[in-house]
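Trainee: Could we go through this structure together, asking at each step what lies behind the words that are used for it?

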Amino acid sequence: MNAGNMLPENLPIPEDDGAADHLRGMSLPALTLPTSDAGVIDLGALGDGRTVIYLYPLTGRPDTDLPDGWDSIPGARGCTTEACDFRDHHDDLLAAGAQRVWGLSSQDIRYQAEVSERLRLPFAMISDTAFLLGSALALPTFSAPGQPRLYKRLTLIVRDGRVEHVFYPIFPPNTHAQQVLDWLRANPAE
């Protein structure tokens, strides 16, 4: 494993609170959101095939402190390592049947673009500052000091516009892309 994908030891493990149980089979709403490559995406028109959308709370930046107590919030820590894992497995995910991969958080598009460039991500990030997707699908969120609302970490496998599979909760995030890859290989599209 890449040393940059390491997490601190003894992080609290998130428990399944059932907050994502309702998502399987739901259609993604027609929402147009900005992307880190200066484009936009309509989540209701992703196209045919499978799309991987991993949601995460927030990615740290070298010049910005994480919220106080971040490491003590179950499932909070690991956004950068998760993005790096999806970067490192991107070609494998596509070879296993994903048509596209996206990351999504409530961070603004400038923040997303900086992360995409700094981490050399081969996919764009989606910015949902108003929690439009969260409101439309009743996605789980949490708060942290200075952050009244953040997405809980989860991954949607969307097939032909509907949620086919949900990964929730996710732990550890630094190896989650491999878990998604394993699922794609075990469940090939017909």
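**Reading the terms against the values**

Mentor: Helix α1 is mostly covered, since 8 of its 10 residues are buried. This is a predicted model, in which local features need pLDDT of at least 70 and side-chain atom pairs count only at pLDDT 80 or more, while totals for chains, interfaces and linings use all residues. Residues are numbered from 1 along each chain as its sequence is written, and side-chain values use heavy atoms, with hydrogens and water left out.

Trainee: What makes a residue of α1 "buried", and which residues of α1 are they?

Mentor: Buried means under 20% relative accessible area, exposed means over 50%, and partly exposed is in between, with a 1.4 Å probe and protein chains only.

Trainee: What covers the buried residues of α1?

Mentor: The cover includes β3, α2, β4, α3, β8 and α5, where contact means heavy atoms within 4.5 Å.

Trainee: Why are the buried residues of α5 said to line one face of the helix?

Mentor: The buried residues of α5 are His176, Ala177, Val180, Leu181, Trp183 and Leu184. Seen down the axis of α5, these residues fall within an arc of 160 degrees, so they line one face of the helix; the arc is that of the directions from the helix axis to the C-beta atoms. Arg185 and Ala186, on the other side of α5, are exposed. The buried residues of α5 pack against β3, α1 (79–88), α2 (90–95), β4 (98–105), β8 and β9.

Trainee: Why is arginine 50 called buried, and what does its side chain meet?

Mentor: Arginine 50, in strand β3 (residues 50–55), has a relative accessible area of 2% and is therefore buried. A polar contact of 2.8 Å joins its side chain to that of glutamate 164, and a polar atom of the arginine 50 side chain lies 2.6 Å from the backbone oxygen of asparagine 187. A polar contact is a pair of N or O atoms within 3.5 Å; within protein, one must be able to donate a hydrogen and the other to accept it, and residues adjacent in sequence count only if both atoms are side-chain atoms.

Trainee: How do you know whether proline 173 is buried or exposed?

Mentor: Proline 173, in the loop between β9 and α5, has a relative accessible area of 1%, so it is buried. Leaving aside neighbours within four places in sequence, proline 173 is in contact with Leu7, Arg77, Gly78, Glu82 and Arg153. The C-alpha atoms of proline 173 and methionine 6 are separated by 9.9 Å, although these residues are 167 apart along the chain.

Trainee: What is the phi of arginine 120, and what is that of aspartate 160?

Mentor: Arginine 120 has a phi near 55 degrees, and aspartate 160 has a phi of about 50 degrees, both positive in residues other than glycine. Most residues other than glycine have a negative phi. Arginine 120, in the loop between α3 (109–119) and β5 (125–127), is exposed because its relative accessible area is 61%. Aspartate 160, in the loop between β8 (154–159) and β9, has 49% and is therefore partly exposed.

Trainee: What makes a space a cavity, and which residues line the largest cavity?

Mentor: On a 1 Å grid over the protein atoms alone, a cavity is a set of points where a 1.4 Å probe fits but cannot get out, and lining residues have an atom within 4 Å of a point. The count comes to 1 cavity of 30 Å³ or more, and Leu11, Pro12, Trp70, Asp71, Ile73, Gly75, Ala76, Arg77 and Phe171 line the largest cavity.

How values were computed. 1 Å grid on protein atoms, 1.4 Å probe; cavity = no way out; pocket = protein on both sides within 12 Å on 5 of 7 lines; lining within 4 Å. Points joined across faces, edges and corners; volume = space filled by probe spheres on them. Helix = DSSP H or I, 4+ residues; strand = E, 2+ residues; numbered from the N terminus.
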